[in-house]
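Here's a walk through one structure, from its sheet to its cores and its charged pairs. Have the model open beside you as you read.

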Amino acid sequence: MAKTSRKDSGPRRRKSSKLRVFLYSLLTMLILAVAIGGIIVWKAAAQLPQWDPSVLDNMKQSSIIYDKDGNEIAQLHSTVNRLSLSSSQIPDIVKKTFVAVEDKRFYQEIGIDPIRIVGSLYQDLISGSAKEGASTITQQLARNAFIQDPTAKTLTRKIQEVLIAIQLERHYTKDEILTFYLNKIPLGESSYGIEAAAKTYFGKDVSQLDPAQVALLAGLPQASSGYDPYFHPDAAKARRNIVLGVMRNAGIIDNAQYNQSINEPFTYVDTMIKTYGGPQKAVYATANYKYPSFVDYVVNELENQYNLTQDQIFNGGLKIYTTVDPKIQTAAEDAFNDPANFPKSYDKTLVQGAMTMIEPSTGNIVAMVGGRDYQFGNFDRAWQAKRQPGSTIKPLAVYGPALEKGGFYPGTVLDDMPVTFDLGAGQTYSPVDDDTYTSGWKGQITMRYALQESVNVYAVKLLSLIGIDTGWQFARNNLGLPLTDQDKVLSLALGTCHVSTLDMASAYGVYANNGERVTSHAIDKVIDSTGKTIITPDITRQRVMKETTAYLISDMLSSVVTSGTGYAAKMGDWAVAGKTGTTSLPLSYGNKNGNPDAWFAGYTPYYAGVVWMGYDSDPDGQHYLRQVYGGSYPAQIWNKVMTVALQDKTVQTQFTRPAGIVSGKIDTKSGYLPSTLTPSQFIQTEIAAQGNFPTQVSTIWVQEYVDPKNTRVIVPASDPNKVSRVFLYLPDRDPAITWPSNEAPYRLPSNAPLPKQLQEAPY
């Protein structure tokens, strides 16, 4: 038996030895893991931001904005002006809904939720990524209030977040933590906290919100930009209805309230879009900053282009260096603060306006005014308002692309006479000029004259000739205008699209910069509180047209200022190019004489600027401009601001002329070379890009013999009393249309035979 026992004990001892080795190894690994984990936690704790509970009530570090010379112009901060509420001011439905959606075990946990953490880790392991979040409400508060970079996804930041969350739970009650959280959470559209968000999305206080509105706000923390009802209404409604389901399941609302809420429209949002083109920002501070409109745009650029959070912008201790020129910005604000620069209002509602000025060679936005009496956080008309540009679009969507395409030049002639375009499906389009019914048709005119006098029919005919797609693509792709597929229509030639002053200033700046497009921007660089540069703009420079195209447009737009509708913008000996624009009242206004919008867009060799003027909206059919045109008040404001901008610049009397420009005499009634019959008053010097100057001699003039006593009667060559006269041969014109005064004396008698010289070469 003993022998048998010794034989059996061998395997058992080997198994016991292996188990001990395994247990020792496991224990060693656990000790090592705990040690490593402890080191990681210790390091994270060592870098923990200084615990300062007052941060929950006060700002961290103000961010400072500087002008182009490095002088401070604004401090961004958000103390009590975050529109904070006390706990008693926040309705229970809001508190319960945010807890149900964001952290349903909020009242049971100690700042962290182990169940949620395990679930998050499991999902990350399955997906092979680190996308799942496990943050409680307390952790979110810790992150937004104390962490330097709340967007960083690092283990150190997560550990710090947990440690701070535990401290918060030790120092404050659950209700205090929830109140801090609801006052600090960013909810998109510059809405910082639930009160500001309620005003932004619904135009009311939190205490006045219905269940559907509460649900929208509670759904935003997951992705405030993706569920923004101003830009993603369908996604916002879907997310809101998910939250409504959570509210119903949690007993916060009943079935009747749920069914009533799921189809509730975004009435306030729709009204704001229709009236202002978008939301008005919540006000974050009472400070009367310098240059509030420009500062607003800087904040917008930081948010939407560089994806900084509101907390980073207003509390991050950033140093934000910008492109604003204080001299030009002050001049622009002074011009908008002077009532003499605006027409009298119909009633107490002010005629509004906006202006943007850029430096085309650098893309720097040097001045921006978003309206009269503008204050920080208002609707910024300089870049938020999208209005119809009227005739200021013509150089951008018609004349520029025609010259770039080739086959056209400033002397190209088209007939300003009635025309009807077949649009298909039984629809037609018959453009007219603003003064057609009072001054008559202009007849055969050159491109230069058409642009100078802002002739509509010429522009539409030319867009039809080059192709709508050609004009649309040039304005959108080459010049950066925010055109949509709906703008691919002939009326684009007359400015039926929607743009801002910033859009237009950037586009005109391409011509001022000899055909090179430079990214427009307001920020030069941003330095964080540690001295690290975190933003430098990606400025691109791209040639988007030939230099000859840019020069020809500048030369023609100079004629607009010296001899046309933009005369009010003329500035001594300075080379100035400009274009006026007005829009027409809809047919629903009947025969009222007025216009919703007046524009002036212009540039010099140094700066490009655009001014818009009009009412924000017309709810009663009475708020529109009366006898106000782009060449009046808008051009005058532009002149005043540009005069200041150029004070220390050397006068340039001409735009730089590139190689490849040729000139010569042309017949202004045909656009070809003058013939021996062309009357001298219709011969002038014109320029063109090489290869586009005409080589054909005009055949539009014919010579006939007439009765000296009645020059409207053709007589045979054998008549001894005959006299020779020159006539215009325009057989395609409707004989019922009155000819313009400079052409009427040359109208060929109706009984005249087809001229022999035209029988084989008709015009």
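## Starting inside the sheet

Let's begin with a facing pair: Phe600 stands opposite Val611 in strand E16. E15 and E16 make a hairpin, with 4 residues between them.

Before going on, some ground rules. This is a predicted model, where local features need pLDDT of at least 70 and side-chain atom pairs count only at pLDDT 80 or more, while totals for chains, interfaces and linings use all residues. Residues are numbered from 1 along each chain as its sequence is written, and side-chain values use heavy atoms, with hydrogens and water left out.

## The whole sheet

Which order do the strands take? The open sheet has 5 strands, ordered E5-E4-E16-E15-E14, with antiparallel pairing. Its edge strands, E5 and E14 (577-582), each pair on one side only. The twist averages 10 degrees from one strand to the next; such angles run from 0 to 180 degrees between N-to-C directions, using axes that are lines fitted to C-alpha atoms, for helices over the stretch in contact. Two strands count as paired if DSSP finds at least two bridges between them.

How buried is E16? 7 of its 7 residues are buried, so E16 is largely enclosed by the rest of the structure. (Buried means under 20% relative accessible area, exposed over 50%, partly exposed in between, with a 1.4 Å probe and protein chains only.) In a regular strand, side chains alternate between the two faces of the sheet. In E16, Ala608, Val610, Trp612 and Gly614 point one way, and Gly609, Val611 and Met613 point the other.

## Helices on the sheet, and the cores

Helix H14 lies across E4 and E5, running at about 20 degrees to E5. Helix H20 (residues 501-512) also packs on the sheet, touching E4, E5, E14, E15 and E16, and its direction makes about 35 degrees with that of E4.

The largest nonpolar core has 97 residues, and Tyr399, Leu462 and Tyr603 have the most contacts inside it. H20 gives the most to this core, with 8 residues. Apart from it lies another core, of 43 residues, among them Val99, Phe106, Leu168 and Leu220. (A nonpolar core is a set of buried Ala, Val, Leu, Ile, Met, Phe, Trp, Tyr and Cys residues joined through side-chain atoms within 4.5 Å.) Leaving aside neighbours within four places in sequence, Tyr399 is in contact (heavy atoms within 4.5 Å) with residues including Met447, Leu451, Tyr458, Leu462 and Ile553.

## Salt bridges

The structure holds 15 salt bridges, each a side-chain nitrogen of Lys or Arg within 4 Å of a carboxyl oxygen of Asp or Glu. Arg381 pairs with Asp616, their closest N and O atoms being 2.7 Å apart. Arg381 sits in the loop between E5 (364-369) and helix H15 (394-405), and Asp616 in the loop between E16 (608-614) and H22, so the pair ties together parts 235 residues apart in sequence. Arg381 is buried at 9% relative accessibility, while Asp616 is partly exposed at 21%.

Lys327 and Asp648 form another salt bridge, at 3.2 Å. This pair links distant parts of the chain, 321 residues apart: Lys327 is in H14 (residues 326-337), and Asp648 in the loop between H22 (633-645) and strand E17 (661-667). There's also a salt-bridge network linking Asp415, Lys669, Arg733 and Glu743.

Lys68 does have a salt bridge with Asp69, at 3.0 Å from N to O. Lys68 is partly exposed at 43% relative accessible area, and Asp69 is partly exposed at 47%.

Terms used: Helices (H or I, at least four residues) and strands (E, at least two) are DSSP runs, numbered from the N terminus.
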